[in-house]
Amino acid sequence: MIWGWAYRWRVQLMATGVGVLAALLRFVTLSYPKALVFDEVYYARGAFSLLVFGYEGDWSGDDQWFASGNYSGLSSEGDYVVHPMVGKLLIAVGIKIFGPTPFGWRVMEALFGVALVVITALIARTLLRSTLFGGIAGVLLAVDGLAITMSRTALLDGFLAFFAMAGFGLIVWDRERFRRRLSARMDAARAEGQDPTLGYGPRMGIRWMRLGAIVVFALAMSTKWSGGYFAAVFLVLSIVWDMTTRRSLGIERWFGGSALRAIPTFLATLVLMPTVYVATWWNWFATDGSYARHWAETHPGKGVTWLPDSLRSLVEYHRQMWEFHTHLTTPHSYQANPWGWPLQIRPTSFYFEDVNAHCGAERCVSAITSIGNVAIWWVAVAAVLYALWRLVRRRDPLGFVLSLGFFAGWVPWLPYAYRTIFTFYSIVFIPFLVLTLAWMLQRIAQPRGRGTWSPKGTLIVGVYLGIVLIIAGYFLPLWTGNAIPYDYWRMHMWTRPWI
């Protein structure tokens, strides 16, 4: 009883600590700059339009009118938008509460950014069996530049990162609960004189956490379609974990038992994911002015004719969205080949303005650049390679499992290197890189397993974390947009592609 209370107290203290650190780096001066930053011009204005009309109206005029309180550019004509609704609906919640101000359109992103740090720390604590290294994972994500920048900017990818990680967390905690319950049922069967290892093993009933994960992954897809890759990878992982658990407990037909009981999960996925996705378009169905809302009525006999008109129109709208995404090749000065994302070769400049401020120099600038903390990213890439080596040579799968989210968020983009895409998309997999990195640090500090500390390894980990914090402090002004001397900004541009 006392040990259990102490364990919960330490975990709660760790989660609170990393959450406070993340909140300070994400909420302080969140209202600055008082301008639409990068693609906020689409999502903040779209969210405001959702509150005005219930759908996204088209905008004209100067892009920055909105930031100055001029909404005259908004028309009732439906705007052709190319992403699902959930992210913009969340941004709209912040605007509804705090008004159409920089804080209002960024506050939900910051809140979800803090939640992402906390949930990453808790997942690390569960899988690494260490509150300390769970906290280290949380700190690493809290001080990463891309994670900070994306939490302070009203884009969709930060929400996608949260839903992907939350879905993974539910899969992880479902596994933990499943192992405890299955073991308990087998013990109870043995107490009654039965052999629970015969056949397919005990029935486990409804897996509510796994169903919850399916819903969360559906919300990820309802933010950006790329959320579907995380759903596919982690739901398969859940079935594999079931198999390994049944096998480790000696169940005779462990493979068949897991495969048979995966059928309800498969059917639930087929039902829940499209149901949740379509439900998130409720405002599109409920309004007449939305883009392509009445396409079916004006195009009789076209499209998927057996569907009701509203769904036929929605399917056609999605076909147009797909065409847009697969043929978007308009050059952009900050587009980046996905092969370079893990090394932050070409980060995205979100904002750069000369400012009238007292910064101790003749020329002062405000710059927001989504450069990740290179001490984290570059070493995390090495951690992924180490995880693959451990899997092949040592049959140690944990590091590979932790890096699956990295591959789910990165590999699908490689065939689309020709498209206009950006490094900041990698926000969706930095939490998984952090998990893999924390795992490697634990292996360095505790090479013989948990509880056996290596003085040399511990020193290496401590020095490394110190370097991470120093680089975070050095780059922080470029992640928050604080006024700095132009020459100081130039000092941070270590390579030409960073400019």
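Visitor: Is Ser222 buried or exposed, and what is its relative accessible area?

Guide: The model is a predicted one, in which local features require pLDDT of at least 70 and side-chain atom pairs pLDDT 80 or more, while totals for chains, interfaces and linings use all residues. Residues are numbered from 1 along each chain as its sequence is written, and side-chain values use heavy atoms, without hydrogens or water.

Ser222 is buried, with a relative accessible area of 0% (buried is under 20%, exposed over 50%, partly exposed in between, with a 1.4 Å probe and protein chains only). The residue is found in the loop between H8 and helix H9 (227–248); helices (H or I, at least four residues) and strands (E, at least two) are DSSP runs numbered from the N terminus. Leaving aside residues up to four places away in sequence, Ser222 touches Pro84, Met85, Val86, Val276, Tyr277 and Thr280, contact being heavy atoms within 4.5 Å.

Two of these partners, Val276 and Tyr277, also take part in the packing of H10 against H8. Helix H8 (residues 208–221) meets H10 at an angle of about 35°, and the axes are 9 Å apart; axes are fitted to C-alpha atoms over the stretch in contact, and angles run from 0 to 180 degrees between N-to-C directions. From H8 the contact is formed by Arg210, Leu211, Ile214, Val215, Phe217, Ala218, Leu219 and Met221, and from H10 by Arg261, Thr265, Ala268, Thr269, Leu272, Met273, Val276 and Tyr277. H10 spans residues 254–279 and includes Val271.

Arg210 leads from this packing to the charged groups, as a salt-bridge network links Asp174, Arg207, Arg210 and Asp242. A salt bridge is a side-chain nitrogen of Lys or Arg within 4 Å of a carboxyl oxygen of Asp or Glu, and the count comes to 14.

Arg106 bridges to Glu40, with 2.9 Å between the closest N and O atoms. This pair joins distant parts of the chain, since Arg106 is in helix H4 (residues 102–128) and Glu40 in helix H2 (residues 40–53), 66 residues apart. Arg106 is buried at 0% relative accessibility, and Glu40 is likewise buried at 0%.

Lys88 and Glu56 form a salt bridge at 3.3 Å, N to O. Lys88 belongs to helix H3 (residues 86–98) and Glu56 to the loop between H2 and strand S1 (57–59), so the bridge ties together parts 32 residues apart in sequence. Lys88 is buried at 1% and Glu56 at 5%.

Arg443 and Asp396 also meet in a salt bridge, at 3.3 Å, N to O. Arg443 is in helix H16 (residues 430–445), whereas Asp396 is in the loop between helix H14 (374–394) and helix H15 (398–410), so parts 47 residues apart in sequence are tied together. Both residues of this pair, Arg443 and Asp396, are buried.

Some backbone details in other loops complete the view. Tyr32 and Pro33 are joined by a cis peptide bond with omega of about 0°, and Pro33 is placed in the loop between helix H1 (2–27) and H2. Arg129, in the loop between H4 and helix H5 (131–142), is not a glycine but has a positive phi near 55°; Arg129 is partly exposed, at 32%. Gln344, in the loop between helix H13 (309–326) and strand S3 (349–355), also has a positive phi, of about 55°, but Gln344 is buried at 0%.
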